[in-house]
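Dear colleague,

Please read them alongside the coordinates.

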Amino acid sequence: MSAHAGGYSADPRIRWIESLPWIVAIVAFFALPEYLSLGARILIYILYALSLDLIVGYAGIITLGHSAYFGLGAYVAGILAAKAGIGDPVVQLGAASVLLEIANKATTLTGGADGLSGVVVAPILGLFRFDIFGKTAYLYCLLVLLLGWWLVRKMIYSPFGTSLTGVRENSLRMHAIGAPVYWRLVLVYTLSATIAGAAGGLITQTNQFVGLNVLSFESAGELLVMLILGGVGRIYGAFVGPVVYLIAQDFLAKQFPEYWYFGIGTMLVLVVMFARGGILGILDGALVKLRGRP
Amino acid sequence: MEAFFASLVSVAFHGAALGMILYVISVGLSVTMGLMGFANLAHGVFAMAGGYVLTTAISRFGVPFPLALVLAFAFVAAASVVLERLLYSRLYAASDLEQVLFTIGLIFIAVAVARFIYGTLQQPVALPDYLKGQFPLLGRDFPAYRVFIIVFSAVMVALLWFGVERTRWGAMVRATVDNRAMAQSVGINTKRLFTLTFALGSGLAGLGGGLGAEIIAIQPSYPFENLVYFLVVVSVGGLGSLRGPFVAALLIGIADTACKYWLPQYGAFPIYVATIAILLWRPSGLFGRHA
């Protein structure tokens with residue numbers, strides 16, 4: 001957990017390499033028009049993973065209930081109604097379950113287990129209509145992601161971000177120097193949940209359908225897998241993870257669902273055992289070796 | 001009034017059976033989390049494995065039911081020793097996040113393997129004739145199988161409590177839960193104690209999974225679907241204790257049955273709300289020691 005981006009001495013200027021994801025996204029838009037719906041899904045999950053990275057990677061709160069906010073956002077986008085909360089992992093898991101139960105039972109509002117269909121999305125700002133090829137959806141998601149990334153990055157490089165790292169590393173000391181630890185965590189949690197909710201809203205708007213699975217525990221687990229795969233606490237881990245995971249899923253999971261889950265499980269175990277920094281952590285290590293300096 | 005009383009008795013009875021199963025499965029989780037500080041989300045995997053061992057032993061090899069229960073215990077306990085030595089023990093010092101991820105990984109693997117071998121359908125349990133039918137008690141009829149579950153689990157619980165409270169091994173376990181470093185320095189082999197306790201807890205989960213195969217259906221998504229229940233039992237009861245999870249399991253078993261009986265339209269909703277309320281009120285559980 002040493003290679004965290006941000007922190008007290010970090011240079012807040014945007015480096016050239018940080019434009020890479022955006023270049024890739026634009027190139028993909030023109031080069032792979034038949035994969036735009038998958039692309040939009042990936043963009044949304046990047047935003048979702050980014051929100052999780054903020055609390056898991058930076059604030060050090062472990063949560064299995066993040067799908068509550070994602071799902072809430074998804075349903076809010078569908079039905080326009082809101083409420084949220086905080087707590088320890090089990091309480092959060094409970095909160096996610098409560099929302100799942102509400103969504104499952106409130107059949108008239110959400111369609112229950114059949115899902116909520118017939119979500120009609122108006123043109124963005126009355127100007128850009130969602131087309132069947134998913135071009136508008138893709139660009140729209142990209143724009144929202146850019147906004148989310150900018151917000152998260154800004155926050156991580158701010159004194160607030162530094163204090164979060166402090167809370168993660170030693171909350172007792174943060175208390176001792178007079179930092180309002182509790183309120184810092186409440187604030188970052190709220191922001192993270194909001195971003196996750198925005199990502200959930202995007203899912204509904206681009207799919208024009210909400211299913212109960214957006215709230216499930218498996219979906220929270222999958223998200224955590226994506227983030228860990230990319231690398232925790234380094235912003236761009238949240239970019240790499242969903243790209244690799246969702247593309248692999250698109251190609252492999254449909255043919256071999258059994259092997260797919262077996263594969264994720266094995267990979268997760270291996271990452272925890274041998275490569276705790278995820279893909280970016282491995283790359284970092286390789287770069288250090290190449291350059292021959294620490 | 002008579003009808004209401006009858007349904008009250010029925011709910012209490014079925015709830016007690018479910019609660020007993022939940023306890024036998026979850027007590028091992030309480031001990032591993034309390035003793036080793038290990039967040040083992042994959043505990044349900046052991047219960048599922050026990051269920052599969054039992055149903056396979058009965059339906060494919062014609063093993064009698066009692067022996068199949070013993071097999072479920074022994075097989076899962078043995079497998080868990082291998083897992084503990086090979087994988088779990090490397091992560092005792094790791095952060096919560098890593099333990100959570102690792103055990104979620106194990107769940108994924110187990111779900112995939114179960115689906116590959118057995119398919120997605122629920123495994124039927126072929127009960128022996130003496131456990132089918134009704135058992136007359138105080139002028140009422142109760143399903144014999146659930147009576148057996150309650151009595152059998154009660155015996156297991158009594159044995160377990162005797163073991164932990166009255167034997168030398170139990171004293172060692174309690175000492176290690178209280179203060180691991182001190183226990184180690186007075187000569188307790190905590191490593192071996194961990195392995196043994198882990199095996200016992202997992203074996204009990206396997207036994208519970210097998211015993212409750214008729215109540216909590218054995219199918220591949222078992223570890224995911226029931227994880228919340230096991231965690232609720234442990235966290236509401238309090239980590240590292242035997243009594244807390246027992247009360248919590250009975251409470252949840254009865255409350256869950258009551259909700260499904262009287263308020264089916266709300267599903268498991270009241271249970272989750274109650275859990276959140278209890279944890280907000282007492283973060284270390286009903287009987288947990290304050291950190």
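Leaving aside residues up to four places away in sequence, B:Thr55 touches B:Gln123, B:Val125, B:Ala213 and B:Ile218, in what is, please bear in mind, a predicted model. B:Thr55 belongs to helix α2 (residues 43–61) of chain B, and it counts as buried because 22 C-beta neighbours lie inside 10 Å, where 20 or more are required.

Just after α4(B), B:Gly119 adopts a positive phi of about 75°.

Two helix pairs may also interest you. Helix α5 (residues 144–166) and helix α6 (residues 168–178) of chain B pack with their axes 5 Å apart, at an angle of about 70°, which makes α5(B) roughly perpendicular to α6(B). The contact is formed by B:Gly163, B:Val164, B:Glu165 and B:Arg166 of α5(B) with B:Trp169, B:Gly170, B:Val173 and B:Arg174 of α6(B), and by class it has three nonpolar, two polar and three charged residues.

In the other pair, the axes of helix α11 (residues 243–262) and helix α12 (residues 269–281) of chain B come within 9 Å and cross at roughly 140°. Here B:Ile252, B:Ala255, B:Asp256 and B:Cys259 of α11(B) meet B:Pro270, B:Ile271 and B:Ala274 of α12(B), a contact with six nonpolar residues, one charged and no polar.

Best regards

Technical notes. Residues numbered from 1 in each chain as written. Chains lettered and ligands numbered in written order. Predicted model: local features only at pLDDT ≥ 70, side-chain atom pairs only at ≥ 80, totals over all residues. Helix = DSSP H or I, 4+ residues; strand = E, 2+ residues; numbered from the N terminus. Buried ≥ 20, exposed ≤ 12 C-beta atoms within 10 Å, placed from the backbone. Contact = placed C-beta atoms within 7 Å. Axes fitted to C-alpha atoms, helices over the stretch in contact; angles between N-to-C directions. Nonpolar A, V, L, I, M, F, W, Y, C, P; charged D, E, K, R; others polar. Parallel < 35°, antiparallel > 145°, perpendicular 65-115°, else oblique.
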